[in-house]
Amino acid sequence: MLTHGSSAWCLNPSFKMKRKLSSIQRPFLLHISGANRTTRMAALQTILGIPPLHMQLQFEAMFTSIYHLRISLPPNIEDIQPQDLEMKATGWSIHQSEHLEPNQISLGDGEANIVRKDIINIFTDGSKTEHGVGAAFCVLTNDIWAYQWSAKLNGYNTVFQAELTALHEAVI
């Protein structure tokens, strides 16, 4: 229903219109994903492989204008090419944590992206997938995998509880 007449009102959406469309799309993405209401909109769109609503409507408006109405577009509107939109990855059947190797530790989260060799480094993680809820941590001393711990939690636990459990066990 939103695409009806989009060639008239959504060829060049304003910031206010983009924000309104985002507020319309957000509850649907939350229900589809089952994510917590504090999850960022960009994360929801990336995880689900669904582009922002204003971009999809703008694409539909351009398509309708060019192919159905045979209207040439103003030069100030950028063309959206298929490669500009991300495609959702499919075919993932296992969780990456099931094949973790010592050299696969990511330092992308957090401020300290440098592993110091003269101190003990502890990395924690908690996750929830269709296979269950789990928490884990590992200890690196002088770039050597010194200790690791992991546990499967109950299915009703949240990912936040898993994260806290990993932190708690690491502190102990």
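**Entry 1: the β2–β3 turn.** I started at the hairpin formed by β2 and β3, where two residues sit between the strands. I checked Asn142 in that turn and got a positive phi of about 50°. I'm reading a predicted model here, so everything below is computed from that.

**Entry 2: along β2 and β3.** β2 covers residues 132–141 and is joined to β3 by nine bridges, with the two running antiparallel. I looked up a few partners across this pair. Leu140 has Trp145 of β3 opposite. Phe137 is bridged to Trp149, also in β3.

**Entry 3: the other hairpin.** Then I turned to β1. A hairpin of two residues takes β1 into β2. I counted ten bridges between β1 and β2, and these strands run antiparallel. One of the facing pairs is Thr129 with Gly132 of β2.

**Entry 4: the whole sheet.** Putting the strands together, I get an open, three-stranded sheet in the order β1-β2-β3, paired antiparallel. Which strands are at the edges? They are β1 (120–129) and β3 (144–153), and each of them pairs on one side only. On average, neighbouring strands here are turned by 15° against each other, if direction is ignored.

**Entry 5: what packs on the sheet.** I found helix α5, residues 159–171, packed on this sheet and touching β1, β2 and β3. The direction of α5 makes about 155° with that of β1.

**Entry 6: stepping back.** I listed the elements of the chain and got five helices and three strands. From the N terminus they go α-α-α-α-β-β-β-α.

**Entry 7: a nonpolar patch.** Helix α2 (residues 15–33) gives the patch its largest share, three residues. Trp9 belongs to helix α1, which spans residues 6–9. Why does Trp9 count as partly exposed? Because its relative accessibility is 32%, and partly exposed lies between the 20% limit for buried and the 50% limit for exposed.

**Entry 8: chain totals.** Last, I looked up the overall numbers. The chain has 172 residues, and 21% of them count as buried. The accessible surface is about 13000 Å², with 58% of that belonging to carbon and sulfur atoms. Among contacts with a separation of 6 or more, 45% are between residues 24 or more positions apart.

Technical notes: Residues numbered from 1 in each chain as written. Predicted model: local features only at pLDDT ≥ 70, side-chain atom pairs only at ≥ 80, totals over all residues. Heavy atoms only, no water. Helix = DSSP H or I, 4+ residues; strand = E, 2+ residues; numbered from the N terminus. Buried < 20%, exposed > 50% of the residue type's maximum accessible area, 1.4 Å probe, protein only. Contact = heavy atoms within 4.5 Å. Areas by Shrake-Rupley, 256 points an atom, 1.4 Å probe, with all protein chains shown as cover. Pairing = 2+ DSSP bridges. Axes fitted to C-alpha atoms, helices over the stretch in contact; angles between N-to-C directions.
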